[in-house]
Amino acid sequence: MSGAAKGGRCIYMLPNGLCAGRYGLSEEDYLPRGLGKFKGYERLTGKVCEGCDNQFGKLDEIPLTSGPEAIFRAIYGIEGRKTHRKRDTFHETTHGRQPVEVVGRLPGDESPTRLEVLTGNQGQPRRELVFEWHDNRSKVVTVPRKIDTPDKLQKHLKGKSIGRDWSKCIVNCPADDEGFQEMVQRCLGKIEQLGEPSDRRGYPAIVPVASLIELSPEYYRAIAKIAFHFFMWCSFAGITGLENVFDGIKEFIWRGDQPSKYLRSAAGPFDRNQIGDAPYAHVLSAGVVGNEAVATVQLFAGSDSGVNLIARATDGRSFPVQLKNMSFVWIVKLGRSPFRIACDLRRALAFVAGRQTTVGFIGEVRELTPARSIMVWRPGFGPQFWA
Ligand SMILES: [Zn+2]
């Protein structure tokens with residue numbers, strides 16, 4: 001059945017060159033499922049075809065695996081769909097991108113250690129091999145858990161272009177991960193531990209950790225997709241999504257462009273009163289303000305994890321991401337208002353995580369009054385509260 005026969009067209013059929021319109025309409029998760037399942041959440045319906053939905057599913061993976069969100073998901077133990085294989089976030093590459101790095105200094109160790117973050121804000125050294133060559137070159141290779149035999153390790157290293165010409169191999173892994181150390185010994189022969197065996201009397205310990213995450217071009221597209229599709233979900237009267245004012249944002253989501261044309265980011269205060277004592281909330285807002293269509297995206301806003309992240313944008317700017325009463329806000333410019341007269345339409349939802357999870361859900365959806373907790377980008381003024 002064609003999209004038209006089902007009573008609607010995929011909004012990506014315009015502008016030309018994006019969606020070929022070969023598939024029927026499908027439901028789409030404007031909030032990626034990997035950010036948690038919330039009671040009361042309704043998917044976007046009647047706007048996006050099955051073919052486009054598949055593409056967006058891949059885009060959704062980027063923040064979940066290589067953005068700051070990957071770390072928060074690990075801390076809060078958020079898993080993806082049951083049908084998806086459990087991801088080994090801190091060891092596996094995703095679409096060619098290296099896993100996120102979290103670095104901390106362990107008690108008794110002289111140099112910083114790259115860590116795997118575990119549920120409950122815990123960490124342990126990640127499994128990796130550091131190869132060194134006589135000419136001072138070195139290379140770090142993470143070893144996912146699915147690599148569990150010397151043969152698989154051999155193949156994994158070959159895939160990373162590691163031959164036998166290295167002069168030294170150092171193993172980093174949890175002290176009690178003897179199976180891993182043994183596999184490496186059987187594959188490579190004599191290995192060295194990273195530094196001297198540490199004094200473990202100070203464990204478990206609370207240590208400060210840091211992470212530097214490079215936001216990829218796909219990351220910006222993924223954020224723009226969440227923003228635009230939430231705007232569409234709001235179903236503002238008179239807006240279909242096929243208006244040509246949205247051509248630019250659709251092309252950006254589809255194939256990327258200069259992120260600064262569509263996205264702004266700001267760290268702002270976050271009004272915790274709206275989410276009570278919840279560990280965190282995702283907050284989305286969208287609307288038409290004056291002659292601009294805009295949306296904002298805040299993920300893991302107000303997180304109680306205590307993690308300090310610095311996100312660095314491609315233009316070199318750096319942002320501190322996490323403080324309990326602050327939030328990192330993406331402001332997405334969707335296009336000019338499709339209306340001829342100035343108007344004021346707005347909606348905001350919070351996806352509030354619970355202290356205790358109810359069956360199947362990690363939290364619930366709440367409608368917010370888009371008052372003093374949401375920021376918008378006003379042309380000529382920059383980020384401002386949506387008051
Ligand atoms: Zn489509």
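Start by selecting helix α3 (residues 150-159) and helix α4 (residues 178-188), whose axes come within 9 Å and cross at roughly 70°. Here an axis is a line fitted to C-alpha atoms over the stretch in contact, and angles run from 0 to 180 degrees between N-to-C directions. That angle makes α3 roughly perpendicular to α4; the label covers 65 to 115 degrees, while angles under 35 count as roughly parallel, over 145 as roughly antiparallel and the rest as oblique. The crossing of α3 and α4 is right-handed, a term used if the near helix is turned clockwise from the far one by less than a right angle, with left-handed for anticlockwise.

Now show the side chains where these two helices meet: P150, L153 and Q154 of α3, and M183, V184, R186 and C187 of α4. Two residues are in contact if their C-beta atoms, placed from the backbone, lie within 7 Å. The contact of α3 with α4 divides into 5 nonpolar residues, 1 polar and 1 charged. In this scheme Ala, Val, Leu, Ile, Met, Phe, Trp, Tyr, Cys and Pro are nonpolar, Asp, Glu, Lys and Arg are charged, and the others, Gly among them, are polar.

A note on what you have open: this is a predicted model, in which local features need pLDDT of at least 70 and side-chain atom pairs count only at pLDDT 80 or more, whereas totals for chains, interfaces and linings use all residues. Residues are numbered from 1 along each chain as its sequence is written.

Zoom out for a moment. The protein chain has 6 helices and 22 strands; helices (H or I, at least four residues) and strands (E, at least two) are DSSP runs, numbered from the N terminus. Of its 387 residues, 40% count as buried. Buried stands for 20 or more other C-beta atoms within 10 Å of a residue's own, exposed for 12 or fewer, and partly exposed for anything in between, with C-beta atoms placed from the backbone.

Next, pick helix α1 (residues 50-66) and helix α5 (residues 217-233). They pack at an angle of about 115°, with their axes 8 Å apart, and are therefore roughly perpendicular to each other. The crossing of α1 and α5 is left-handed. Display F56, L59, D60, I62 and P63 of α1 together with E218, Y219, R221, A222 and K225 of α5 to see the contact. By class, this contact of α1 with α5 holds 6 nonpolar, no polar and 4 charged residues.

Move on to helix α2 (residues 68-76), where 9 of its 9 residues are buried. Among them are E69, F72, R73 and Y76. Just after α2, look at G77, which takes a positive phi of about 65°.

Now for the strands. Two strands pair if DSSP finds at least two bridges between them. Select β6, β5, β4 and β11, which follow one another in that order in an open sheet of 4 strands with antiparallel pairing. At the edges stand β6 (122-125) and β11 (209-210), each with a single partner strand, so one side of each is left without a neighbour in the sheet. Strand β5 (residues 113-118) pairs with β6 over 4 bridges in the antiparallel sense, and V117 has G123 in β6 as its bridge partner.

From there, go to strand β19 (residues 343-353). β14 and β19 pair in the antiparallel sense over 10 bridges, and V288 has L345 in β19 as its bridge partner. β19 also pairs with β20 in the antiparallel sense, over 6 bridges; find L349 opposite E367 and A353 opposite G363. Strand β20 (residues 363-368) is joined by 2 bridges to strand β2 (residues 38-39), and these two run parallel. Here K39 stands opposite E364.

Finish with a few single residues:

- F300 lies in strand β15 (residues 292-301). Its phi is near 55°, a positive value in a residue other than glycine, and with 29 C-beta neighbours inside 10 Å, F300 counts as buried.
- S161 is in the loop between α3 and β9 (168-172). Phi of S161 is near 60°, also positive in a residue other than glycine; S161 is exposed, with 8 other C-beta atoms within 10 Å.
- R272 sits in the loop between β13 (263-269) and β14 (281-290). With 17 C-beta neighbours inside 10 Å, R272 counts as partly exposed.
- P15 lies in the segment before β1 (25-28). The peptide bond from L14 to P15 is cis, with omega near 0°.
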